[in-house]
Amino acid sequence: MNQSRVDHIEPKLVWSNFQKLLDTPRPSYHEEAVQTLLMLFGKSLGLETYRDDVNNVIIKKAGQHGGEKSAPVILQGHLDMVAQKNEGNPHDFKNDPITTIIDGDWIHANGTTLGADNGIGCAFAMGLLESKDLPHPPLECVFTACEEAGMHGAIGLKGHHFEGKVMLNLDTEEEDELIIGCAGGVDLIFEKEFSTQEVKTELYQLVIKGLKGGHSGIDIHTERLSANKLIPQALESVELNLISIKGGTLRNAIAREAFIEFSATEEEVAKLRGKLEELYLKHSSIEANINFEVNKIEAESKKGLSIEDSNKIVAAIKNCFHGVKAWDQNFKGVVETSTNLGVITLEDGNFAMANLIRSSNESARDAFAQEMIDAQKDLQAKAKLEGAYPGWKPNPDSKILTITNEVYKDLRGSEPKISSIHAGLECGILSKAMPDVDMISFGPNITGAHSPDEQVSISSVEKTWVLFLEVIKRLI
C-alpha cells in the first residue's frame, strides 16, 4: 500500500485524465474549477468546446480512422463528486486535491471519497477525445453539472445540442453488468420550528460514528446502519432537553455520523449509557467500527427544547421510514422503491429531516411519499417534495444493448448481466430531453461509492476500457 499519483498506470489515456480530475476540486455546487479544466482541455485539442446555460461542458470531435462519415455517438458522464470524509480529516473539498493510495489492484483516497464516481467515466470520454490513433465515429461528449446534488445539469440540458442517436452513459459500477434502466427520485423534507428555553441540567453531547455509510441507492438494501436511525434507538425513553442535532451530511448518502447535544440529569445520562452498551452489542457484528460516546459539554448556558418537544422529535425520527420499501418484479435482486433518511438538523429550535425517495415506478414513489407524510401527522411539520426526476424505463430491444452484449461475449466469453439499477442515472432525465436516443450504461468495478471507503479496481478499468473501445469501433 502506498500513496501515489495514478497517471503512470495503463491505460494512460484514462488514468492521466483521471489524475487531472483528482487534482481539481469538484464537490457538487462547487464545480467552477473542473468546468474550467474541461473547457481548457477541449480547446487545447482544437475541438469545439462550450458551456451551456446550466454549466454542462460539451466537447465535440470529428470521427477518425474510418469513422469520419459515421453517425455521431454521445458520451455522457458527470463532473461533480460526493464530498464525504472521515471524522477529523482536515481535507477541504473546495480547495484540496484528492490524495490517492494504491493498494494492490485497488485505488482509494486518503480518508475521503475518491470521486471515481463519476471521474472514471469522464476520464474514458476525455481519453477518447485526446486519442490520435483510436478509430471512432464523431463524438459528442457532455460532462454534466451537479448530478450528485439534484441532477441539475441533466435537467437543464437541451437535446438540440446533439445529432447523435446513440448514447453511452459511463456511470455504473459493476463491470459484468449492462444497465438499461434506473430509478427516479424525489426529495422529501420535513421542517418544524420549536420554541426554546434555557436548560437547567448538565449539558452533554452524544456522538454516533464509525459507520460504513454508502450510496443511498445501490447500498440501501445492505445491512449498513444509518446513524440517523440510531438516534431514536438511543434516546427513546430517556428524559432530556434536545439542544442540537447534526446527523448525516447528504441526502444521497447513508448517514455515517450523528452529533446530538442535550441537557439531562445524571440519572437519565446513566440510563442512556446503558442503552448505548446494548446497541453496541446488538450492532457491532454488522458494523465493526461503530462507536458511541457521551461527553459532558462545558458551557455557561444553552437554550434547548422542552422535554415534550424533544420526545416529539425522537418519535418523528423513529417514524421516518428508512430502507427498502419494495423490490423490482422484473429484475431479481434489484430494489424498486426505497428511502434514505440522509440529513437531520436541529439548530436554535429549527428542526429538519431530508429524505431521498427512489423508485423505478413513479406512482409507487409518489404513493410512498404520501405514506411517509401521513406517518408524521403528530409532528405537524411542513412537508416539501422537491427535485423530482424520472426513472429510465428499460428497453430490452435496444440496438446499442445488442451491440454491447455481443462485444461483451466476444471479449469475455460469457454473458453479461442485463439489469436496472436502483440509483438515479441521468439517463432517466436525458431520455425525456432526447426521446429518440438509444442509451446504455456500463462501467468498471467501483465499491463504497458516496463514502470514504470508495475504491476502483485497476484491472477492471482496463477491461472496461477495452470493452468501451470495441463498442465505439462497432458503431462506425
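A search of the whole structure finds 20 salt bridges. A salt bridge here is a side-chain nitrogen of Lys or Arg within 4 Å of a carboxyl oxygen of Asp or Glu. This is a predicted model: local features need pLDDT of at least 70, side-chain atom pairs count only at pLDDT 80 or more, and totals for chains, interfaces and linings use all residues. Residues are numbered from 1 along each chain as its sequence is written, and side-chain values use heavy atoms, without hydrogens and water.

| Salt bridge | Closest N and O atoms |
|---|---|
| Lysine 409 – glutamate 415 | 3.8 Å |
| Arginine 474 – aspartate 410 | 3.0 Å |
| Arginine 474 – glutamate 470 | 2.9 Å |

Arginine 474 in helix α11 (residues 458-474) and aspartate 410 in helix α9 (residues 399-412) link distant parts of the chain, 64 residues apart. Helices are DSSP runs (H or I, at least four residues), as are strands (E, at least two), numbered from the N terminus. Arginine 474 and glutamate 470 are four residues apart in helix α11, so about one helical turn separates them.

Buried means under 20% relative accessible area, exposed over 50%, partly exposed in between (1.4 Å probe, protein chains only). Aspartate 410 is exposed at 53%. Arginine 474 is partly exposed at 34%. Glutamate 470 is partly exposed at 21%.

Isoleucine 9 lies in the loop between β1 (2-3) and α1 (12-22). Isoleucine 9 counts as buried because its relative accessibility is 10%. Beyond its neighbours within four places in sequence, isoleucine 9 contacts (heavy atoms within 4.5 Å) Trp15, Ile102, Ile107 and Ile458. The C-alpha atoms of isoleucine 9 and glutamate 462 are 9.7 Å apart, across 453 residues of chain.
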